[in-house]
Amino acid sequence: MPRPFRFGLNMLTLEDRKSWRRKCRHAEELGYDVLLVPDHLGMPAPFPALIAAAEATGRPRVGTFVLNAGFWNPALLAREVAGADALTGGRLELGLGTGYVRAEHEKAGLPWGTPGQRVDHLARTIEELDRLLGDPEHLPRPAQRPRPPLLIGGNGPRMMRLTARHADIAAFTGGRQSSGKPEGVLELLPAEELAASVARYQEYAAERPEPAELNILVQQVLPTDDRRAAAREIAARGIGLDEEQALEAPTLLIGTPAQMAEQLRERRERFGFSYITVLDPFMEAFAPVLEELTGG
């Protein structure tokens, strides 16, 4: 049997307490299962925002999507994770990645390093979190034992190995640095390249005792009665895909709610993606699709 769908909302903006609580409650009413916060300068501070989200709601889990490991000292991060998990009543999911925006590290006065060094730091961070949070004497104590579920997001063979070894949730961004554009500007992968990435992960994860949940971040939700016209329009924006590729890319949803729901069912069958994350500008546009799939 396929794994049941879960739906996450990645929340990018925070204005004030009242509007944040209102948005979180509305997301819960629409049926989202996980309220997520990224880790970028100029966006909400992850842990306070997630604690506030949990305070405003009763059902959804909350999570980081994803923390830039280079921003964090592992011992201090363990304290934040344990405290947030305790204060949210064991609803926290911890997402980690290497980070991909050099300018943010430079602005924060933090080293950027080579890709290999960033992966090394992420690996050390994961090992330290497992050691510290798994210690029954660690204070504060997380509500979930030995630690909250771990999501790892990234691309490349080393990241896939790390994800296969440690992650409860394997997250696929479906993007890469766009050639000739400023660092941090991504283009989307065609379906066949994303399939190759998933296949590589599955090869590394073959010996896992339990399969991980697979997550995909949907970059655009485009309601329309004319899928091809919408695909042609978005392909013209220089996202790295042509019209045909845009119709098939797992990072795009194009069509009526019923068509988009069917796209997600097909992608769960082909790629294994059952945990679907959308960006909060598309919260309302995705809601009818979520309704189509609830219980599916």
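I begin with contact, which I take to mean heavy atoms within 4.5 Å. I also note that the model is predicted, that local features need pLDDT of at least 70, that side-chain atom pairs count only at pLDDT 80 or more, and that totals for chains, interfaces and linings use all residues. Residues are numbered from 1 along each chain as its sequence is written, and side-chain values use heavy atoms, with hydrogens and water left out.

**Entry: Ala-164**

I looked up Ala-164 and found it in helix 6, where helices (H or I, at least four residues) and strands (E, at least two) are DSSP runs numbered from the N terminus. Not counting residues up to four places away in sequence, Ala-164 touches Tyr-201, Tyr-204, Ala-205 and Arg-208. Ala-164 counts as buried because its relative accessibility is 4%; buried means under 20% relative accessible area, exposed over 50%, and partly exposed in between, with a 1.4 Å probe and protein chains only. I also noted that the C-alpha atoms of Ala-164 and Arg-200 are separated by 9.8 Å, although these residues are 36 residues apart along the chain.

Gly-156 belongs to the loop between strand 6 and helix 6 (157-166), and with 26% relative accessibility it counts as partly exposed. Its C-alpha atom is separated by 9.4 Å from that of Tyr-201, which lies 45 residues away along the chain.

Ser-197 has its place in helix 7, and its relative accessibility of 6% makes it count as buried. Leaving aside neighbours within four places in sequence, I found Ser-197 in contact with Asn-155, Met-160 and Phe-172. For Phe-172, 25 residues from Ser-197 along the chain, the C-alpha separation is 8.4 Å.

**Entry: Glu-187**

Is Glu-187 buried or exposed? At 16% relative accessibility Glu-187 counts as buried, and its place is in strand 9 (residues 186-188). When neighbours within four places in sequence are left aside, the residues in contact with Glu-187 include Gly-174, Arg-176, Ser-179 and Ile-239.

**Entry: helix 2**

I next asked which residues of helix 2 (residues 46-56) are buried. They are Pro-46, Phe-47, Ala-49, Leu-50, Ala-53, Ala-54 and Ala-56. What covers these buried residues includes helix 1 (17-30), strand 2 (34-37), strand 3 (61-64), strand 4 (67-68), helix 3 (74-87) and strand 5 (92-97).

**Entry: aromatic rings**

Searching the whole structure, I found 7 aromatic pairs. Rings of Phe, Tyr and Trp (its six-membered ring) pair if their centres lie within 6.5 Å, and planes under 30 degrees apart count as stacked, over 60 as edge-to-face and the rest as tilted. Phe-5 and Phe-7 form a stacked pair, 5.8 Å from centre to centre with 20° between the planes, and both residues are buried. The ring centres of Phe-47 and Trp-72 are 5.7 Å apart and their planes stand at 85°, so I recorded this pair as edge-to-face. Phe-47 lies in helix 2 and Trp-72 in the loop between strand 4 and helix 3, so the pair ties together parts that are 25 residues apart in sequence. Both Phe-47 and Trp-72 are buried. I also found that ring pairs link Phe-5, Phe-7, Tyr-32 and Phe-286 into a cluster.

**Entry: charges over rings**

A charge sits over a ring if NZ of Lys or CZ of Arg is within 6 Å of the ring centre and within 35 degrees of the ring normal. The charged end of Arg-268 sits over the ring of Phe-5, at 4.0 Å from its centre, while Arg-6 lies over the face of Tyr-275, at 4.3 Å from the ring centre.

**Entry: cis peptide bonds**

I kept in mind that most peptide bonds are trans. The bond joining Leu-139 and Pro-140 is cis, with omega about -5°, and the bond from Arg-145 to Pro-146 is also cis, with omega near 0°. Pro-140 is found in the loop between helix 5 (115-133) and strand 6 (150-153), and Pro-146 is found in the loop between helix 5 and strand 6 as well.
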